[in-house]
Amino acid sequence: MLFHFSQYSSLLLLGFLHGMIFFFLLLWRGFQEDRTADKLLAVLLLICCLHISQYMLGFGGWYDSRDFHSTFMFYFPFHHILLLGPIIYFYFLSLSNTHFKLTLQHWKHFIPGGIMLFVFVLMFSWDLVIQHWILGHQMPFHYGTQGAFSTYYQQHLAGIFQDLGYTSLIVYLYLTISIYRNYRDYINEHFSNTEEIEFSWLRNVLYANILIIAFGFSIDIIDQYIHNLNYDQYWVVYFGVVIFIYFISISGYIGTKKIPAQLKFIPNAVERPTAEDLQADTTPLNPWKEKINSLMAAEVFLDPSLCLQDLAAQLQTNPSLLSKVINSGFGMNFNDFINSHRVVAVKIKLQQGVHEQLTLTSIAYDCGFNSKATFNRAFKKFTGKSPRDYLLQLEKEALILANK
């Protein structure tokens, strides 16, 4: 197979192969574990791989080969930017809700991308099947490798689809970033340990996408109005996509291995109050606070996977009511409420001198935290000091008492 290896084609080829490997890994895991998020991320990676493959093959010599390789370059749909936005949007929805499934009403978001694919089907059918293979006409452009419809598409339609694609991607990125902020509030109201489900890497991906779009748009402006750029100068845009492929494939595969089944985020969902909710509005909070404090005294917070749904089940109530009680009765969201008790447990152990036998991280894990970063952040929030500073203060106080 024709392929010229150079610094340009080889670097894009490495990104392409890496993306395709993770495409199959995610697709396999998606079907094995019935995970919609993995399937959508696999499709996203495939689209990114196709996007860079045009330049990869072009630098590999296909465009200038003046044979069927060149024809392939004109008639294969490499760019699916109109599909990128909806896929990113639904990927986040499926990642933040383990029960999310694509339904018929969701498929309307993919109609613009489908129209673009249909244009390529028409182009292939007219230029190659009808004009060239059936009627026997020679293709008139690019040394006999490109037909009239393809040439018209490149001159008049490609730019329109690209502009629509940029607009679509920006709109969907904005929507995804907006609901991500709501998602952060949701997990703080429902989970005691949120680090594994914060998906901060995905937030970074969304902002990185905006930078890539801005960079690509700037290159287009320079090319059209300031200075004509050659393929070598355009290559850097596609290499940026390679970096994007590496980041999102590794983060998406490794960072989403353990997602709790209780994760059921629904954007803009309005919970209708039940009869129990209405009763809670006219009932003093003290009885509920006493029940919750009894569970805290039983140290249920030591369970690192404790979530609002679990605590509600133990209290034989519903999560909506329990969330309202914690917010109104204790002035905190669920995450802060549980972690405040964990911090108190850590402080007690430090005062007892347990740190002389165990590390701070081990003590934090014993008290229900599941990561060092979460522990440090929560400890600083509720004590005003880092764990190390708090320990130094205890040691100073002990030294003062010993010298009295």
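Biologist: Hi! What should I know about the model before we start?

Modeller: The model is predicted, so local features need pLDDT of at least 70 and side-chain atom pairs count only at pLDDT 80 or more, while totals for chains, interfaces and linings use all residues. Residues are numbered from 1 along each chain as its sequence is written, and side-chain values use heavy atoms, with hydrogens and water left out.

Biologist: Great. How many salt bridges does the structure hold?

Modeller: There are eight salt bridges, each being a side-chain nitrogen of Lys or Arg within 4 Å of a carboxyl oxygen of Asp or Glu.

Biologist: Which side chain meets Arg184 in a salt bridge?

Modeller: That would be Glu198, at 3.9 Å from N to O. Glu198 sits in the loop between helix 6 and helix 7, Arg184 is in helix 6, and the two are 14 residues apart. Helices here are DSSP runs (H or I, at least four residues), numbered from the N terminus.

Biologist: And is Glu198 buried or exposed?

Modeller: Glu198 is buried, with a relative accessible area of 12%. Buried means under 20% relative accessible area, exposed over 50%, and partly exposed in between, using a 1.4 Å probe and protein chains only. Arg184 is partly exposed at 26%.

Biologist: What does Arg377 pair with?

Modeller: Arg377 forms a salt bridge with Glu198, and their closest N and O atoms are 3.9 Å apart. Arg377 lies in helix 15 (residues 372-383) and Glu198 in the loop between helix 6 and helix 7, so this pair ties together parts that are 179 residues apart in sequence. Arg377 is partly exposed, at 46% relative accessibility.

Biologist: Where are Lys381 and Asp336, the other pair I'm looking at?

Modeller: Lys381 is in helix 15 and Asp336 in helix 13 (residues 334-351), 45 residues apart. Their side chains meet in a salt bridge of 2.7 Å, N to O. Lys381 is exposed at 53%, whereas Asp336 is buried at 14%.

Biologist: Switching topic: what is the phi of Phe199?

Modeller: Phe199 has a positive phi of about 55 degrees, although it is not a glycine. Most residues other than glycine have a negative phi. Phe199 is in the loop between helix 6 (148-190) and helix 7 (200-226), and Phe199 is buried, with a relative accessible area of 1%.

Biologist: And what about Arg66, where does that one lie?

Modeller: Arg66 lies in the loop between helix 2 (36-59) and helix 3 (68-75). Arg66 also has a positive phi, about 60 degrees, and is partly exposed at 49% relative accessible area.
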